Amino acid sequence: MTIRRWNSWGWETVSYPLPEQATHFLMDQLGGATPLPAASLTDVLASVPETRLEAHPLVDCSAEVRVNHSRGQSLADWLALKSGQLGVIPDGVAMPTTSEQVAELLQWAKQHQYKIIPYGGGTSVAGHITPQAAEQPILTLSLARLNQLINVDKDSLLATIGAGATGPQVEAQLQSQGYTLGHFPQSFEFSTLGGWIATRSSGQQSLYYGRIEQLFAGGRVETLEGALNIPAFPASAAGPDLREWVLGSEGRIGVITEAIMRVSPCPSYESFRVVVLPSWEQAIALLKKLVRLRLGLSMLRLSDGVETDTHLQLAGHPRSINALRWYLQKRGCGQGMCMLTVGFTGQQKSQYQNKIKLCKQLVAQHKGVSTGEWLGKKWAAGRFRLPYLREALWQRGFLVDTVETAIAWSQINLLKEQLENAVANALVDEGEKTWVFTHISHCYPQGASLYTTFLFRQADNYTTTYARWQKLKQAACEAIVKVGGTISHHHGVGKDHAPYLKAEKGELGIQQIKNWLINFDPNQQLNPGTLLPNPLLPSTLTPDSDQEDISRLSQDEPTDNQLSVHHDACQQMA
């Protein structure tokens with residue numbers, strides 16, 4: 001039986017080895033590193049406290065199930081799991097199989113005043129499912145068994161699907177009928193349809209199929225006040241769109257159980273091709289032209305010069321890579337060159353071929369070099385394996401994390417520069433280096449999404465390692481809001497980004513979001529601390545410090561410095 005790792009990403013049988021060449025490259029950039037010792041599952045299970053929940057036939061209170069549903073995939077979650085200092089864990093995990101059972105569980109929790117955390121695939125990188133300390137028992141409500149294709153309206157291109165279906169489950173069931181949702185986030189292997197909707201997710205091919213808000217047509221949400229049923233119309237001018245109450249709600253108004261999705265026939269032709277541009281400036285000019293011409297491309301993903309070089313270093317196969325570098329240099333793409341991965345998708349052969357032809361012409365106008373389909377095929381084959389690299393890096397003593405944002409084209413270079421500088425210098429006072437690089441993951445006529453990755457060394461203990469991450473995360477978030485980028489393009493808000501939301505929404509906007517949440521959940525039982533810090537009442541928003549997270553990393557009391565890092569950001573944003 002294939003088993004999912006309890007303290008890392010993915011299946012135990014799948015790995016992403018780090019080539020020796022890549023290890024030496026990272027040591028050159030960051031210095032030597034030693035991995036921290038990881039706690040055993042046996043020791044963690046022995047420390048799980050007794051449940052505080054009343055018995056219920058749909059709720060599993062066993063220690064291992066509770067631990068396996070206690071954290072997501074943020075770096076803070078990783079450190080908690082690796083250290084074995086989980087702190088707060090849910091008191092039980094419910095696994096309903098129908099919308100009616102979800103409604104029953106919500107009413108049961110409402111009656112007993114339990115806190116409720118909706119749980120999809122456990123892939124959140126923003127703290128959505130991390131429990132906060134509470135006097136009341138905590139119930140995690142897993143949607144894993146609501147994963148079936150319920151109906152396909154082939155005439156209308158609408159499919160009703162259980163919200164707990166993972167990416168592979170969604171696609172396997174739809175493709176058996178000749179259709180695709182076309183939503184492929186990097187977390188595709190484990191993330192769920194309901195999670196995509198609740199966090200306003202983007203897929204790698206959203207340029208063609210649309211972001212999740214364009215695919216979500218309606219559905220069913222179980223709330224503490226009853227069921228919210230949203231019909232699917234092609235379009236409607238009948239007042240505010242109720243779908244907008246659900247999109248981005250992050251489990252705070254209810255639990256999505258069924259989703260009516262706009263689907264497409266499976267494409268007849270599809271390929272991914274890599275072109276190389278001599279500079280970031282040339283690449284940006286090409287991107288803007290490609291997206292504004294609306295050619296019907298399915299993906300545009302641009303790596304900056306540092307990311308391009310890093311990926312080539314991490315790829316292994318040094319002879320092949322050196323030959324590729326030599327060829328590109330002869331064609332005018334040397335230091336600072338940028339890789340652009342382009343997705344071509346189509347139903348008709350002529351349409352598909354015309355896209356490729358037009359794209360080649362525009363690439364040539366911007367002095368780009370096509371590498372054919374080889375690199376594109378390599379990318380497609382491993383497109384969902386990259387998260388496994390985190391474990392390989394961990395085993396060598398390195399940590400990797402990401403932040404992402406979106407901003408107008410006129411400010412994209414400014415934000416990239418300030419964001420990268422802020423992260424690169426965040427640990428200078430400790431004598432530590434940070435390796436930083438960026439790619440553009442999604443393009444729009446008006447702007448694009450910046451996705452910045454940073455690597456750094458583990459410290460010699462978990463508490464200091466966590467404090468390093470806090471400084472890096474704070475530096476990145478502050479740089480984003482200072483320039484005016486969104487705090488999240490596709491990862492959602494969760495608990496980690498909640499202190500920065502006010503910079504984007506404004507005082508009045510935050511107050512209206514609070515009112516909206518209170519209307520659905522007056523006792524603040526649903527996923528507290530996510531999206532907006534609790535308490536929502538009184539009316540003056542006072543951000544909670546999320547510092548119970550630190551206590552999960554060490555049995556010692558946190559230092560004043562650790563407590564102040566994130567708290568200062570909260571105060572500035574509030």
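**A chat about the structure**

Visitor: Which residues is Gln282 in contact with, leaving aside neighbours within four places in sequence?
Guide: His366 and Lys367. Contact here means heavy atoms within 4.5 Å.

Visitor: OK, and what sort of model is this?
Guide: A predicted one: local features need pLDDT of at least 70, side-chain atom pairs count only at pLDDT 80 or more, and totals for chains, interfaces and linings use all residues. Residues are numbered from 1 along each chain as its sequence is written, and side-chain values use heavy atoms, with hydrogens and water left out.

Visitor: Back to Gln282, where is it found?
Guide: In helix 11, residues 280-292. Helices (H or I, at least four residues) and strands (E, at least two) are DSSP runs, numbered from the N terminus.

Visitor: And how accessible is Gln282?
Guide: Gln282 counts as partly exposed, at 22% relative accessibility. The cut-offs are under 20% relative accessible area for buried and over 50% for exposed, with partly exposed in between (1.4 Å probe, protein chains only).

Visitor: How far is Gln282 from Lys505?
Guide: C-alpha to C-alpha, 34 Å in space, and 223 residues in sequence.

Visitor: New topic: Glu307. Buried or exposed?
Guide: Buried, with a relative accessible area of 1%. Glu307 lies in helix 12, residues 305-314.

Visitor: What does Glu307 touch?
Guide: Arg301, Phe437, Thr438 and His439, if you don't count residues up to four places away in sequence.

Visitor: Now helix 15. Which of its residues are buried?
Guide: Helix 15 covers residues 374-381, and its buried residues are Leu375, Gly376 and Trp379. They span an arc of only 100° around the axis, so they sit on the same side of helix 15. That arc is taken from the directions from the helix axis to the C-beta atoms.

Visitor: What covers them?
Guide: The cover includes strand 12 (269-277), strand 13 (299-303), helix 13 (318-330) and strand 14 (338-346). On the face turned away from the buried side, helix 15 carries the exposed residues Lys377 and Ala381.

Visitor: Zooming out, how many helices and strands are there?
Guide: 21 helices and 18 strands. The radius of gyration is 23 Å, close to the 25 Å that the globule rule gives for 574 residues, so the protein is as compact as a globular protein of that length. That radius is taken over C-alpha atoms, and the rule is 2.2 Å times the number of residues to the power 0.38.

Visitor: And what share of the residues is buried?
Guide: 59% of the 574 residues.
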